[in-house]
Amino acid sequence: MISKNIFISVVYFRQSEVVRTSYLNPIQAGAAVSGRKRLDGFIADDSGRNISAKNVAWNELTAIYWMRHNVDAEYYGMMHYRRLLCFSSTPPRSLSFCSVGESEYERFGWQDALIEKACAEADILIPQKRPVLLFGMPELELTPLEFYAHQHQAADMALIEEIVREQSPHIYPYLVKVLTGRRVFFNNITVMRKALFFEYTDWLTAVIEAAEKRRDLCDYDAYQGRIWGFLAEYLTNAYVLYAEAVHDAKVKELPLAWGTRPVSEFKPVKALARARSPQQAGMSASGNGEDVNVVFTIDGKYVAHVATAILSCLQTADDPARLSIFIIHDGTVGQADRDRLAALAETYAARLQFIAFDGRDLRWLPQSRRCGSAVVNFRLALHRLLPETMDKVIYLDADVVAVAPIEQLWDTDLEGCGIAAAPQSAGLLHGRRLRMPYGTRYFASGVLVVDLAAMRRMDFDLALLEIVRDKGSYMVSHVDDIFNLLYCGNVKMLHLRWNATTKLYEENVQEPSYDEAEARLAASEPSIVHFSGTVKPWKRKCVHPLSELYWDYRNQTAWAESWWEQRMRRLFRYIRIKHRARKRRLGQKLSSGG
């Protein structure tokens, strides 16, 4: 039996940077699960009386159960290694962190004296409650019951309600209040006085054990199989309301710090030098002289950027004369700009055609939340706008720079799929929002290899209507969502290198549909750099480590910057990079008001 005045478990499932004080104790949850690697220096939840082997379905609850039966303390608590309460005297301005060091301990108040002070002021500490939202949809507030039904199985919540109503009628009204309310906290994160913690854990365990006997999880996938941990979030909220009302428990809400995925490990200078060096030309599998079809969709504001993208494709191609380039525009690209773009292609013996499209028959589509221009939807009409004799095309967003020969992307074997695309930086969250099958890798539509013949055979326009009718109310990135839903189970996944988006070079609080190894390789050796997001290389706030690559190509076009513009741009970039470096050196003390 471990004895401490305050014992707060910081739960880990995998190796990560450790948060540890006398009161904050790193715990490996699910240590008894077969195949789990033992974490050095952690308390394992499979000692003494435990249910560690149930961790797959119970999640962090196995650590809570272990504390209940193996620790003697006046206060008990549970937090996650990437979600931790802040005990600082003043709320930090920034709640995100990507590493753990002295500055994080100070900024978030992970100090025993501050933890003691917070416990002395309340009976229960919880994260700040927040509205219940679907990822990327801040305007659509749901009740917790609606949210659970969307993300999981409504029948499971109905079972929990039935059990609580039978076994704990005195708590059931508070569960109803939680499920029909508008603000909750998640992740089962609490700190409680001993008597309350014992009552809470014993009640929670009894409810879930009763539910276990009535639910067969054989058909649940790995995500939905974490059922009891998900359901416990709502039960925990209900108990806190009950304790506050019946036991007069004093409840205090604290800010919650969120750990982000760190920037992929790569050396910016080396990555830029590699991207600037011509990649070794390979023998193209389709090197029989057939056209390599490439299409862009733009409005008049993106002429300079599409020129940059086109030039990068031409200069890095094994044989630029094979490129047949199409620009679909909304009529705002003037004749002078069209002439300049055509001349650029002719310099490399490539062909360029313009297709004017007013998008009239696509205006019913929802406007993208990230882009005010309707041209983003034009890629949904490629099967109608491009020549009927064309069976295959590469689609590229206009804010890309090619690093590898575009023929290598052209040679992608679609293996019978209708489309090829690379995974997206928030793919898991988007997939859950759209309720896509478990294991589906949500992709980004900024770089695509499209089987146009298959697109025409599938009655694409009718399928598009049905998708929007079925899922339209939950769409955020409409064109990405539409492509993912239309091609669900029918997509060949490209390596992330073919769509190395800006998120690879930033801290990422989201859950991507790629792993760290793929991200690391894509960041250091991209085949196509995609300057996605709102801060582009041509904007002064841009500190993208490969932004100079964009200017290498743009400054060879008719839209080159002047000497003075270049000097000012580089000055602003230098200042912003130095400012960021200074904030890191100071441990982000500015964020905490220090």
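This is a short walk through one predicted protein model, from its confidence to a few packing details.

Some ground rules. Residues are numbered from 1 along each chain as its sequence is written, and side-chain values use heavy atoms, with hydrogens and water left out. As the model is predicted, local features need pLDDT of at least 70 and side-chain atom pairs count only at pLDDT 80 or more, while totals for chains, interfaces and linings use all residues.

Confidence, then. pLDDT is the predictor's confidence in each residue, from 0 to 100. The protein chain averages 90, and 94% of the residues score at least 70. Helices (H or I, at least four residues) and strands (E, at least two) are DSSP runs, numbered from the N terminus. Among these elements, strand E19, residues 392-396, has the highest mean pLDDT, 98. Helix H21, residues 563-585, has the lowest, 76. Over residues 587-594, pLDDT stays under 50. The model has 19 contacts beyond four places in sequence for that stretch; contact means heavy atoms within 4.5 Å. Where pLDDT is low, the predicted coordinates should not be read in detail.

Now helix packing. Axes are lines fitted to C-alpha atoms, for helices over the stretch in contact, and angles run from 0 to 180 degrees between N-to-C directions. Under 35 degrees counts as roughly parallel, over 145 as roughly antiparallel, 65 to 115 as roughly perpendicular, and the rest as oblique.

Take H6, residues 154-167, and H7, residues 172-180. Their axes come within 9 Å and cross at roughly 155°. The two are therefore roughly antiparallel. H6 brings Met 157, Ile 160, Glu 161, Val 164 and Arg 165 to the contact; H7 brings Tyr 172, Leu 175, Val 176 and Leu 179. By class, that is seven nonpolar, no polar and two charged residues. Ala, Val, Leu, Ile, Met, Phe, Trp, Tyr, Cys and Pro count as nonpolar, Asp, Glu, Lys and Arg as charged, and the others, Gly among them, as polar.

Next pair: H11, residues 303-316, and H12, residues 335-347. The angle is about 10°, with the axes 10 Å apart. That makes H11 roughly parallel to H12. From H11 come Val 303, Val 306, Ala 307, Ile 310, Leu 311 and Leu 314; from H12, Asp 337, Leu 341, Leu 344 and Ala 345. The classes here are nine nonpolar, no polar and one charged.

Stay on H11 for Ser 312. Is Ser 312 buried or exposed? Buried, at a relative accessible area of 0%. Buried means under 20% relative accessible area, exposed over 50%, partly exposed in between (1.4 Å probe, protein chains only). A polar atom of the Ser 312 side chain lies 2.6 Å from the backbone oxygen of Ala 309. Beyond four places in sequence, Ser 312 is in contact with Val 400, Val 401, Ala 402 and Tyr 553.

Tyr 553 is one of the buried residues of H20. Seven of the eight residues of H20, residues 547-554, are buried, so this helix is largely enclosed by the rest of the structure.

On to His 329, in strand E17, residues 323-329. His 329 counts as buried, at 4% relative accessibility. Its side chain reaches the backbone nitrogen of Gly 331 at 3.0 Å. Leaving out residues up to four places away, His 329 touches Ile 298, Arg 338, Phe 354, Ile 355, Ala 356, Phe 357 and Phe 378.

Last, Lys 213. Where is Lys 213 found? In the loop between H8 (194-212) and H9 (227-246). At 76% relative accessibility, Lys 213 counts as exposed.

Definitions and conventions. Polar contact = N/O pair within 3.5 Å; in protein donor to acceptor, adjacent residues only side chain to side chain.
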